[in-house]
Amino acid sequence: MNIPDYTIAMVVAIPLLGAFLTPLVSKINDKIRNIFVILVLALNAGLVFLLASEILTKGIKTYIFGAKDLTFPIVRILFEVDAMSIFMAIISSILVLIAVIYSWAFMKENTGLDKYYTLILLLTAGMLGMVLTGDMFNFFVFLEISSIASCALIAFWTDVGESVEAGFKYIVISSMGALFVLFAVALLYGQYNALNIALLSNLIQYTFLDKIALVLLIIALAMKAGIVPMHMWLPDSYGSAPSSVTVILVSATLASLYGVLRVIFTLYGNALSTLIRFDISVNVLIGWFIVALAVISIIIGVTMALIQSDFNRLIAYGAVAEIGYMFLGIGAGIVALGTAYGKIALNGGIFHIMNDALDVALLFLVAGSIYYATRETSLDKLCGLARNMKYTTVFFIIGLLAIAGMPPLNGFASKILIYESTFQINPILAIVAILCSILLLAVFVKVFFSAFMGPKISKYSDVKEVPKSMLISMGIIASIIVFIGLFPDIIISNIVEPASNALIGYSEYVSQVVGGL
Amino acid sequence: MFTIETGSGFWNPIIWAISIAIAFLLIYVIRSIGKKEYKKDTEQVKSFLSGNPEYEKEKMHVKASNLYWGFTTSLKGLYNLLRKMHTGNTSDYVLWFVIILAIFFLIEVI
């Protein structure tokens, strides 16, 4: 089946339109509003899957907003969707849909939910725009949309001082990151009079200004992705936002990671693979820099997680370590670009993006469920919840084993690719990665012991299992985790491999535009 | 089928699941040929505690902050450093961004 090109535009337009309609639908009643938002996001997820099936079988798809002909002045924005873009779009659309289903019961007691759902839809439009656009300035615009919506959602519980503080910190950091991205875009536009990623990739000469733009783009987006030591906003934000929001924030963070990949592999793909610096290929230099940051992220993420007593902050530090694993695979892939194990490392890194998103999301939903049932996030105060929250406990165990990379769950499938390929580059990298994975298991065993195990205490004797909408959300993610764990080859060969091929084969992305569009 | 190549080996979760099932079966068989003098709901199943008097069950639970005490104490130096690094101050967050930006700038541009 051929799907029209404008489907790409609809994937961004539908949540955007939904965002503006939500306050109006809210006037009818809350239930209809909730159904409306879920339907909008389900429709959007359906379109993303349709688009994915076409792109993964037929190749890159483009859509032009504005001028079709190349007559001056050319005013147009081009969306270019390859396997990597659609891989990210799949993750985002699944997580957002699950988050709104979860929100139905989780946010029920809150007021201002018309604004809450409007912001979620705006954030969705921003994230999807970031991963689907083929234009640098447009990327910046969507980055800003997602940052502003994220900030408002982090500070949604305005009566909680920590949430407002976290929102403030997030907007400061995000604005600064976005400002540097804009500066880098201006540097590129000033030199080449172009904003299109493919066109820029074809034109870049790797001048002094190009180098500055590269540094600004990678560091600003890496900070937004939460890599150590620029990660400190992440535990604050993830720890203070409502759990349903945190699940979407995980996805928004990964959209910035996508930005790093797009800049290195596509925008600078042509320049980096051919240039030499300090007698080393530039991509190797950048690869080792990313690997170094990744290893620090893994170590600091895990060690900090071990001493946390707040459930949300503990998961957040675990997420920092997981981001380190992704960057380790990707960095190793860049270092060994062109080799067989370099390709496996890249596959592992990309596969881990999906696995981490699901695992961390499940754990945050469990943390949210515990908060919903007990109004408590301190692990020092929680005890013996497994007695009353059996399903939540099962979901937590699945999340625990998955994030710690225990076989046969999804975390193991991607981590083993990272371990074995990084071992080929330097065995120390693999050893650190494995040891930290064991520590990560210890971190979540601590949670399991302190929150779920232990004697029955009077304070929590009346605790009940969470409502069905929350259980369904956790159940969907847990099922996907188990499925990917048992059948990783299906995901790798159908989604991950095409995504890594799209990154490595950047010339196809470039030729799609330079060739005549 | 269901196998992923890792470069120097492979991973097949189905083979792993079957192996684990066989291992559990073996454990069950070994257990079933063991002694059968176990008496349920007798003194035999109660744990023996010596020393101080036993607290109420509610107070016996080890708190999360006290878990891995030995590990965190032996790495006190590292944790002091990490705590000092995580100030919670937004200006410091920006400072780390500038530091990493400067390092990458030195590597890539200068």
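**How many other C-beta atoms lie within 10 Å of B:Y68?**
There are 17 of them, and B:Y68 is partly exposed. The cut-offs place a residue between buried, at 20 or more such atoms, and exposed, at 12 or fewer. The count of 17 for B:Y68 falls in between, so the residue is called partly exposed. B:Y68 sits in a loop of chain B. That loop runs between helix 1 (13-32) and helix 2 (69-74). The phi of B:Y68 is positive, about 60°, although the residue is not a glycine. Most residues other than glycine have a negative phi. Like every view here, this one shows a predicted model. Chain B averages a pLDDT of 88, and 99% of the residues score at least 70.

**A tyrosine with positive phi in chain A is A:Y206.**
Its phi is near 60°, and A:Y206 is not a glycine. Look for A:Y206 in the loop between helix 7 (197-203) and helix 8 of chain A.

**The peptide bond from A:V228 to A:P229 is cis.**
Its omega is near 5°. Most peptide bonds are trans. A:P229 belongs to the loop between helix 8 and helix 9 (233-240) of chain A.

**A cis peptide bond joins two prolines, A:P407 and A:P408.**
Here omega is about 5°. A:P408 is found in the loop between helix 15 (390-403) and helix 16 of chain A.

**A:A361 belongs to the largest nonpolar core.**
This core holds 232 residues. Five of its members touch the most others: A:L95, A:I218, A:L328, A:A361 and A:L362. Helix 14 (residues 340-374) of chain A gives the core its largest share, 21 residues. Which residues does A:A361 contact, leaving aside neighbours within four places in sequence? They are A:L95, A:V247, A:V250 and A:I477.

**Chain A meets chain B through 51 residues of chain A and 37 of chain B.**
Several helices of chain A give two or more residues to this side, among them helix 6 (161-192), helix 12 (282-306), helix 14 and helix 17 (427-452). Which helix of chain A gives the most? Helix 8 does, with eight residues. What kinds of residue make up the side of chain A that touches chain B? They divide into 38 nonpolar, seven polar and six charged. For the complex, the predictor gives an ipTM of 0.92 and a pTM of 0.95.

The C-alpha atoms of chain A fill a box of roughly 70 × 60 × 45 Å along the principal axes. Buried residues make up 62% of chain A. Now take contacts in chain A between residues at least 6 apart in sequence: 79% join residues at least 24 apart.

How values were computed:
Residues are numbered from 1 along each chain as its sequence is written. Chains are lettered from A and ligands numbered from 1 in the order in which they are written. This is a predicted model: local features need pLDDT of at least 70, side-chain atom pairs count only at pLDDT 80 or more; totals for chains, interfaces and linings use all residues. A nonpolar core is a set of buried Ala, Val, Leu, Ile, Met, Phe, Trp, Tyr and Cys residues joined through C-beta atoms within 7 Å. Helices (H or I, at least four residues) and strands (E, at least two) are DSSP runs, numbered from the N terminus. Two residues are in contact if their C-beta atoms, placed from the backbone, lie within 7 Å. Ala, Val, Leu, Ile, Met, Phe, Trp, Tyr, Cys and Pro count as nonpolar, Asp, Glu, Lys and Arg as charged, and the others, Gly among them, as polar. pLDDT is the predictor's confidence in each residue, from 0 to 100.
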